[in-house]
Amino acid sequence: MSARFADLHIHTYYSDGTMSPEEVVRAAKDFGLECIAIADHDTVDGLAPAKVSAVDAGIEVINGVELSSEHQGKDIHILGYCFELDPDRSPLVRKLKELQQARMERMKKMLLKLNTMGIKDISLEDVCGQTHSDAVGRLHLAKLLVARGHVSSLDQAFEKYLAEGASAYFAKFPQPPAEAIRL
C-alpha cells in the first residue's frame with residue numbers, strides 16, 4: 001500500500017495566505033496531496049471555490065476554519081473541521097460574521113493608534129485591500145507598515161507596533177476557547 005498525504009491547515013488569501021483557493025488546490029495536487037482542509041482565520045469564504053477546483057484536480061477538500069479565541073489575555077487558535085456551511089443552520093457560520101466585524105473594529109483601533117503616533121498613510125481600505133474577505137488581521141497591517149517604509153521587516157512591525165504589549169496592539173474578540181470548540 002502506498003502512502004497517502006494530506007494537509008489539514010491551509011490558509012488562502014481570504015485570510016493571511018497568499019494564494020487563491022484554486023491556486024492552493026493546484027499546489028496540493030502538484031505536491032501529491034489527496035486531501036486538504038482550507039482553515040482560514042475566522043472565515044469560510046475560501047471553501048466553496050476550493051471545492052469547485054478540487055473536483056477537476058481529484059482532491060478532497062474538508063471544511064475547515066481557524067477560530068480566534070482568547071484565554072487569560074493570550075491568543076489561542078482553535079482548528080475546526082467537518083462542519084455545516086449552511087448559514088441558516090450553522091451557528092459557526094453566523095458567529096464568523098461577528099468575529100469578522102470584531103476584526104474590523106480591532107483594526108480601526110490599531111490604525112487610530114498608529115495615526116496618533118504619526119503613521120497617517122495607512123487606511124482601513126488599504127488594509128482591507130490585502131485580503132479577499134473581512135478577516136483582516138495584524139499581518140495585513142504589518143505588510144503595509146513594511147511597504148510604506150515605517151519598519152524594515154514584518155518582525156520589526158510586530159515588535160514595535162503589533163505584538164502583544166506593543167504600542168498599537170489591541171486584543172482580539174474575547175471568545176473563550178470552550179466557545180470556539182462548541183461552535
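This talk walks through one predicted protein model, from its overall build to its sheet, one of its helices and a few single residues.

Before the structure itself, a word on how to read it: because this is a predicted model, local features need pLDDT of at least 70 and side-chain atom pairs count only at pLDDT 80 or more, while totals for chains, interfaces and linings use all residues. Residues are numbered from 1 along each chain as its sequence is written, and side-chain values use heavy atoms, with hydrogens and water left out.

Let me start with the whole protein. It has seven helices and four strands, where helices (H or I, at least four residues) and strands (E, at least two) are DSSP runs numbered from the N terminus. Read from the N terminus on, the elements follow the order β-α-β-α-β-β-α-α-α-α-α. The radius of gyration, taken over C-alpha atoms, is 17 Å, close to the 16 Å that the globule rule (2.2 Å times the number of residues to the power 0.38) gives for 183 residues, so the protein is as compact as a globular protein of that length. Along the principal axes, the C-alpha atoms fill a box of roughly 60 × 35 × 30 Å.

Of the 183 residues, 46% count as buried; buried here means under 20% relative accessible area, exposed means over 50%, and partly exposed is in between, with a 1.4 Å probe and protein chains only. The accessible surface comes to about 9600 Å², of which 53% belongs to carbon and sulfur atoms, and these areas come from the Shrake-Rupley method with a 1.4 Å probe, where for residues only the protein chains shown count as cover. If we take contacts (heavy atoms within 4.5 Å) between residues at least 6 apart in sequence, 63% of them join residues at least 24 apart.

Now to the sheet. Four strands form an open sheet in the order β1-β2-β3-β4, and the pairing is mixed; two strands pair if DSSP finds at least two bridges between them. The edge strands, each pairing on one side only, are β1 (6-10) and β4 (74-81). From one strand to the next, the twist averages 25°, with axes as lines fitted to C-alpha atoms, for helices over the stretch in contact, and angles running from 0 to 180 degrees between N-to-C directions.

Going across the sheet, β1 pairs in the parallel sense with β2 (residues 35-38) over three bridges, and Asp7 stands opposite Ile36 in β2. Strands β2 and β3 also run parallel and are joined by four bridges, with Cys35 opposite Glu60 in β3. Between β3 and β4 the sense is antiparallel, with eight bridges, and Glu70 stands opposite Asp75 in β4. These two strands, β3 and β4, form a hairpin with two residues between them, and Gln72 in the turn has a positive phi of about 50°. Ten of the twelve residues of β3 (residues 60-71) are buried, so that strand is largely enclosed by the rest of the structure.

Which residues of helix α2 are buried? In α2 (residues 47-57) they are Leu47, Pro49, Ala50, Ser53, Ala54 and Ala57. They cover an arc of only 155° around the axis, judged by the directions from the helix axis to the C-beta atoms, which puts them on the same side of α2. Val52, Val55 and Asp56, on the other side, are exposed. The buried residues of α2 pack against α1 (21-30), β2 and β3. After the helix comes Gly58, whose phi is positive, near 75°.

Let me finish with a few single residues. Asp42, in the loop between β2 and α2, has a positive phi of about 55° although it is not a glycine, and at 1% relative accessibility Asp42 counts as buried. Cys82, in the loop between β4 and α3 (91-116), is likewise a residue other than glycine with a positive phi, near 60°, but Cys82 is exposed, with a relative accessible area of 65%. Arg26 lies in helix α1 and, at 47% relative accessibility, counts as partly exposed. From C-alpha to C-alpha, Arg26 and Arg89 are 31 Å apart in space, and they are 63 residues apart in sequence.
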